[in-house]
Amino acid sequence: MKLERAVDAYLRHTSIERGLSEHTVAAYRRDLAVYRSWLREHDVTDTGEVTAALVADFAAAQARREPPPAATSLARLQSSVRGFHRFLAREGIAEGDPGARLRPPKMPQRLPKALTITQVEALLDAAGPTPGADVAAGEGTLIPLRDRALLELLYATGARVSEVVQLDVDDLAHGDVLRVRGKGSKERIVPVGSYARAAVDAYLARARPELSRRGRASARLFLGARGAPLSRQSAWLVMQQAAERAQLSAHVSPHTLRHSFATHLLQGGADVRVVQELLGHASVATTQIYTHVTVDALRDVYVTSHPRAR
């Protein structure tokens with residue numbers, strides 16, 4: 001099969017059958033465009049012409065690029081190529097899997113950066129009014145009410161920003177729990193704390209009706225200033241602006257609140273498997289990276305408390 005047709009078939013499989021997000025499918029498309037271009041330069045246009053040696057040469061060529069690519073970029077690119085060839089072999093489009101022996105580069109293990117509870121509170125206060133505060137309703141409060149609800153919900157649930165901007169109003173219909181659609185369209189139920197619920201209720205009562213009137217009817221929970229569903233990029237901007245107003249020197253992104261959510265739960269004594277379920281991680285190994293953060297806190301307590309620690 002021609003490479004172009006094979007790539008199209010694989011992308012349809014990832015989107016329709018596996019139900020991966022548009023963002024993930026777009027990343028696969030970009031990676032495989034790089035791969036196809038490299039193969040064309042080597043006069044390879046058909047899947048049957050690809051060999052294990054060619055796949056290995058491609059990986060080596062990408063690693064030698066200048067400037068050197070990040071290990072994460074190389075790993076993602078190689079993952080896309082492996083997944084593509086695995087699909088072709090499984091579907092009988094190709095006789096073998098030339099990417100089976102491709103090994104991703106060793107990734108440096110970075111501990112996730114979490115904010116302190118005090119920093120989180122400063123960030124939330126900078127986003128908008130405290131739930132229940134006596135703030136006059138008006139044009140100037142619509143966006144701050146939305147922003148406070150958005151960040152409160154991100155921290156209260158540990159959801160990814162892509163998951164939160166895809167929420168519908170009905171996903172909050174169960175009171176103190178939230179229905180989240182994660183990677184691969186997998187649903188999970190996450191509790192919502194009283195602070196976040198109060199912030200969302202204030203937004204729904206005092207801001208969302210007006211924002212909704214400005215655009216076409218939408219079931220999305222979070223709306224932009226013109227009434228359209230809030231985008232992932234706009235949510236990122238909300239976070240950046242709140243961080244600047246809170247004078248937080250550390251780099252802050254929507255994922256920072258997800259890291260903080262997990263870290264603070266574990267520091268409070270939550271079981272790692274419960275945190276895994278709340279975060280929507282397929283493997284507990286992904287969640288266990290947060291236990292390294294709490295080990296540092298335990299070490300500090302030990303050093304300052306044990307009579308023979310120093």
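**Close-up views of a predicted model**

**View 1. The loop that holds P67.** P67 sits in the loop that runs between α3 (52-63) and α4 (71-90). The structure shown here is a predicted model. Within it, the peptide bond leading from E66 to P67 is cis. The omega angle of this bond is near -5 degrees.

**View 2. D43, a residue with positive phi.** The loop between α2 (22-41) and α3 contains D43. Phi of D43 is near 60 degrees, a positive value, and the residue is not a glycine. Is D43 buried or exposed? D43 has a relative accessible area of 68% and is therefore exposed, the cut-off for that class being over 50%.

**View 3. Q247, in the loop between α10 and α11.** Q247 is placed in the loop that joins α10 (232-245) to α11. Although Q247 is not a glycine, its phi is positive, at about 60 degrees. The relative accessibility of Q247 is 71%, so this residue counts as exposed.

**View 4. The second largest pocket and its centre.** The second largest pocket holds about 450 Å³ of space. Its lining is made up of 18 residues. Which of the lining residues are closest to the centre of the pocket? They are Y155, A156, G193, Y195 and F261.

**View 5. Elements and residue classes around the second largest pocket.** Several elements each supply at least two residues of the lining: the helices α5 (117-127), α6 (139-157), α8 (194-206) and α11 (254-267), together with the strand β2 (187-191). How many nonpolar, polar and charged residues does the lining have? By class, 12 lining residues are nonpolar, 4 are polar and 2 are charged.

**View 6. The whole protein, for orientation.** The protein has 310 residues, and its secondary structure comprises 14 helices and 2 strands. Taken along the principal axes, a box of roughly 70 × 65 × 35 Å is filled by the C-alpha atoms. Of the residues, 42% count as buried. Among contacts with a separation of 6 or more, 57% are between residues 24 or more positions apart.

Definitions and conventions:
Residues numbered from 1 in each chain as written. Predicted model: local features only at pLDDT ≥ 70, side-chain atom pairs only at ≥ 80, totals over all residues. Heavy atoms only, no water. 1 Å grid on protein atoms, 1.4 Å probe; cavity = no way out; pocket = protein on both sides within 12 Å on 5 of 7 lines; lining within 4 Å. Points joined across faces, edges and corners; volume = space filled by probe spheres on them. Helix = DSSP H or I, 4+ residues; strand = E, 2+ residues; numbered from the N terminus. Nonpolar A, V, L, I, M, F, W, Y, C, P; charged D, E, K, R; others polar. Buried < 20%, exposed > 50% of the residue type's maximum accessible area, 1.4 Å probe, protein only. Contact = heavy atoms within 4.5 Å.
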